Amino acid sequence: MPSANAADGSNGWAAFPGLWERANLVRAFLWHQQYSNPQALLNQFLVRLRRFYSVDFCFGGLLTEAGELVDAAVPLAGLDRLPTDFARRCLDLVAHSRAPVTWNEVNAEFGFHNLVLAPIVPPLGAPLGFLMLGHGQRRGYSAADLFALQSLASELSWAAREVQGKVNHHHETAELSNSVKKTLQLINSSTGLIRQNLGAALSREQERFFINIEAGIDELLARLNRLPEVLEADENDFALANAPAAESADAEDEPQ
């Protein structure tokens, strides 16, 4: 881990317990919320990371399973200071790193005199993205500060994979639902043709069988059409059940 000025930031390891407790509040908020996609997760995390470290600008990027790099910034106005390919360059810098790096800019090329770049990396495997902290005024980071940042970045990697898994699950559920609907519609059409071909030769018992088949198909289609609503309701119930803890974490994760 790079050296930092222990007189700044968290004032060394003496203040680490308090720093760690505040980091736990960020973790609690991270896991008590529902996110529709990785970018929404990243944006909400950066809002709290900016408060946690009292930085002027937070920037981050996450890789999707398709290899797309999604990024977010808080505040958005800070993006005007960065080159268009800055996110990809940051990801390349942390491609083989597992710990935060810091550097100071004499000329403040991007409008920041002090920058910290941390990889979003799971315990095993390559980084899934990066986090960047920017300061208009030069500031040092203690070893405790950087350790907490590394821990939060690792936690974010797990949350990002969880969100991506849910997104994939929704896509797979939608595709399966559409496939089953098409099969049921085909069965319904075939049943109608058989019924029509039998015509007057159709007995009452056969008619009852056809009615039961058609009723069963209609019921299955109705349940499949309700599936997106049921999934959304489950997510909303989960979010409401955890809302008090999330609001508490949001209120308490301000820097002390």
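E219 and R223 sit 4 residues apart in helix α5 (residues 204–241), which means that about one helical turn separates them. Their side chains meet in a salt bridge, with an N to O distance of 2.9 Å. The model is a predicted one, and a search of the whole structure finds 3 salt bridges. Its sheet is open and has 5 strands, in the order β2-β1-β5-β4-β3, with antiparallel pairing.

**Salt bridges**

- R27 is buried, with a relative accessibility of 9%, whereas E155 is partly exposed at 22%.
- D85 and R89 make a salt bridge in which the closest N and O atoms are 3.8 Å apart. R89 has a relative accessible area of 39% and is partly exposed; D85 is likewise partly exposed, with a value of 39%.

- Strand β1 (residues 57–63) runs antiparallel to β2 and is joined to it by 6 bridges. Within this pairing, G60 has A72 of β2 as its bridge partner.
- β1 is also joined by 6 bridges to β5 (residues 129–135), again antiparallel. Here G61 is partnered with F130 of β5.
- Strand β2 (residues 69–74) is mostly covered, with 5 of its 6 residues buried.

**The β1–β2 hairpin**

- The hairpin of β1 and β2 has 5 residues between the strands, and in this hairpin G67 takes a positive phi near 90°.
- T64 is found in the loop between β1 and β2. With a relative accessible area of 17%, T64 is buried.
- Apart from neighbours within four places in sequence, T64 is in contact with V70 and Q164.

**Helices on the sheet**

- Helix α2 (residues 38–53) lies across β1, β2 and β5, and runs at about 35° to β2.
- Helix α4 (residues 143–198) packs on the sheet and touches β1, β3, β4 (114–120) and β5. The direction of α4 makes about 40° with that of β4.

Methods
Residues are numbered from 1 along each chain as its sequence is written. This is a predicted model: local features need pLDDT of at least 70, side-chain atom pairs count only at pLDDT 80 or more; totals for chains, interfaces and linings use all residues. Side-chain values use heavy atoms; hydrogens and water are left out. Buried means under 20% relative accessible area, exposed over 50%, partly exposed in between (1.4 Å probe, protein chains only). Helices (H or I, at least four residues) and strands (E, at least two) are DSSP runs, numbered from the N terminus. Two strands pair if DSSP finds at least two bridges between them. Contact means heavy atoms within 4.5 Å. Axes are lines fitted to C-alpha atoms, for helices over the stretch in contact, and angles run from 0 to 180 degrees between N-to-C directions. A salt bridge is a side-chain nitrogen of Lys or Arg within 4 Å of a carboxyl oxygen of Asp or Glu.
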